[in-house]
Amino acid sequence: MKALTPDTTASAALQETGTGLELRNITHAYGPVTSLDDVSLSVAPGEVLCLLGHSGCGKTTLMRVAAGVECQTSGEVRINGRIVAGEGGFVPPEKRGVGLMFQDYALFPHMTILKNVLFGLKHLGRAEAREQACAALARVGLLDHAEDYPHALSGGEQQRVALARALAPRPGILLMDEPFSGLDKRLRDKVREETLAILRESRASCIVVTHDPEEAMRMGDRIALMRKGRLVQVGAPRDFFENPADLAAARFFSELNELPGTVVEGGVDTPIGLFRRDIYFGSTLEGLGLGAPVRVVIRPSGLMLGRKSGQDRFMEITREIGQNLGQATVMATRFVGEMDILTLAVEGYDHPFHARLAPGLGFRSTETVSLRPLPRETLVFPEV
Ligand SMILES: Nc1ncnc2c1ncn2[C@@H]1O[C@H](COP(=O)(O)OP(=O)(O)OP(=O)(O)O)[C@@H](O)[C@H]1O
């Protein structure tokens, strides 16, 4: 429904300041396979941009082009306003001032932590290199481990050493490809938070590649979503939640309950009833003629349930919001800590729905409930 979002925000910042990383109309192919198709993206100093997309969509290739280890077939790369790859010339990777922290960028096992960090500082004199390496290790809280070998450190600590190594030369641009992929969830959350604080301090323009939408939401000032070598949407995390560019983008960010529908005078007709235009869709139905096939999607967190009796608190909270649309039978309830996940058999529709509710509301299997989708968690897209 929404037009593709050009990357205007950071571009504007770049034009004003002439600093940061800018990728203009980058196209790249591996033989007959087009891996990047006219990608334009920019990252301002101090900004963290998360590059998100399914496996094989071109994320790593874009980072490699930015770093200079891969050459685009057309388009240009600029750093601080200067062309580093394109018609105006080519600056080799080591002269671009780009720090890399790639998935497979493991530490050298036979070198101490300090020597690992010193590795990227060969261009400096001994004393200066040591000072800078120690400062980088202190920043990630590992100066005490300078003389240890990597095997003596935990996975999270090793990751922080890799970050120190990437940051030690004080790069203006930092490219991180799945930097937390080897860590379990708890450690990942911790290292990610620490990394983010360090990135803020460094003021580098930073791209972080991930295929995890939650990670992108947590880390990115902006997110760039890629699909099949193209940029689908660039924007703040909230934009992706409120205005995903298309159905696939919405599906990427959360599980959805989906309903086929048809645009009619008053809204959208679906197997569970009429979603009123004024309550649910506002202007988003503009441009879709009467009779147009659409897909209505409801996030599980936005599907409220009502009991038949009007006495309980839950109904009171939601009475003013949305419409009651259809009925369902609770098939299963699953307690997952901070929420309950309910599976629902919807009357008149043969696909089960899921609802995520605050725990303790006491819905039981076989109970009949009314369905009340919240407008802010209900979206509509043209059927493709
Ligand atoms: N060296 C190569 N030779 C040929 N094709 C390649 C090569 N590297 C990548 N490709 C192809 O280019 C496309 C983009 O790959 P890329 O590694 O950039 O994707 P990605 O989004 O980083 O994937 P992942 O998340 O799995 O790392 C894919 O179709 C991939 O198969």
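## Helix H6

Just after helix H6, Arg203 has a positive phi of about 65°. Helices here are DSSP runs of H or I with at least four residues, strands are runs of E with at least two, and both are numbered from the N terminus. The model is a predicted one, in which local features need pLDDT of at least 70, side-chain atom pairs count only at pLDDT 80 or more, and totals for chains, interfaces and linings use all residues. Residue numbers start from 1 along each chain as its sequence is written.

H6 covers residues 185-202, 18 residues in total, and spans 25 Å from its first C-alpha to its last, close to the expected 26 Å at 1.5 Å a residue. The expected span is 1.5 Å times one less than the number of residues in the helix. Val191, Thr195, Leu199 and Ser202 of H6 are buried. A residue is buried with 20 or more other C-beta atoms within 10 Å of its own, exposed with 12 or fewer, and partly exposed in between, the C-beta atoms being placed from the backbone. The buried residues of H6 fall within an arc of 75° when seen down the axis, so they line one face of the helix. That arc is taken over the directions from the helix axis to the C-beta atoms. They pack against strand S3 (48-52), H5 and strand S9 (205-210). Arg186, Glu193, Ala197 and Glu201, on the other side of H6, are exposed.

## Nonpolar cores

The largest nonpolar core has 66 residues, and the members that touch the most others are Leu51, Val117, Ala164, Leu175, Cys206 and Ala224. Helix H5 (residues 155-167) gives the most to this core, 6 residues. A second, separate core has 29 residues, among them Leu247, Leu259, Leu285 and Leu303. A nonpolar core is a set of buried Ala, Val, Leu, Ile, Met, Phe, Trp, Tyr and Cys residues joined through C-beta atoms within 7 Å.

Leaving out residues up to four places away in sequence, Leu175 touches Met63, Ala66, Ala67, Val98, Leu100 and Ile207. Contact requires the C-beta atoms of two residues, placed from the backbone, to lie within 7 Å.

## Ligand shell

Around the ligand are Tyr30, Val33, Ser35, Gly53, Ser55, Gly56, Cys57, Gly58, Lys59, Thr60, Thr61 and His211. Strand S2 (33-43) and helix H2 (59-67) each supply at least two residues of the shell, and H2 has the largest share, 3 residues.

By class, the shell holds 3 nonpolar, 8 polar and 1 charged residues. In this scheme Ala, Val, Leu, Ile, Met, Phe, Trp, Tyr, Cys and Pro are nonpolar, Asp, Glu, Lys and Arg are charged, and the others, Gly among them, are polar.

## Other positive phi values

Asp38 is found in strand S2. Its phi is near 60°, a positive value in a residue other than glycine. Asp38 is partly exposed, with 14 other C-beta atoms within 10 Å.

Lys228 lies in the loop between strand S10 (222-227) and strand S11 (230-235). Lys228, also a residue other than glycine, has a positive phi near 45°. It counts as partly exposed because it has 14 C-beta neighbours inside 10 Å.

## Leu374

Leu374 sits in the loop between strand S20 (368-373) and strand S21 (378-382). It is partly exposed, with 16 other C-beta atoms within 10 Å. Apart from neighbours within four places in sequence, Leu374 is in contact with Gly302, Met304, Ile321 and Gly322. Gly302 is 72 residues from Leu374 along the chain, and their C-alpha atoms are separated by 5.1 Å.

Definitions and conventions
A residue is near a molecule or strand if its C-beta atom, placed from the backbone, lies within 6 Å of it.
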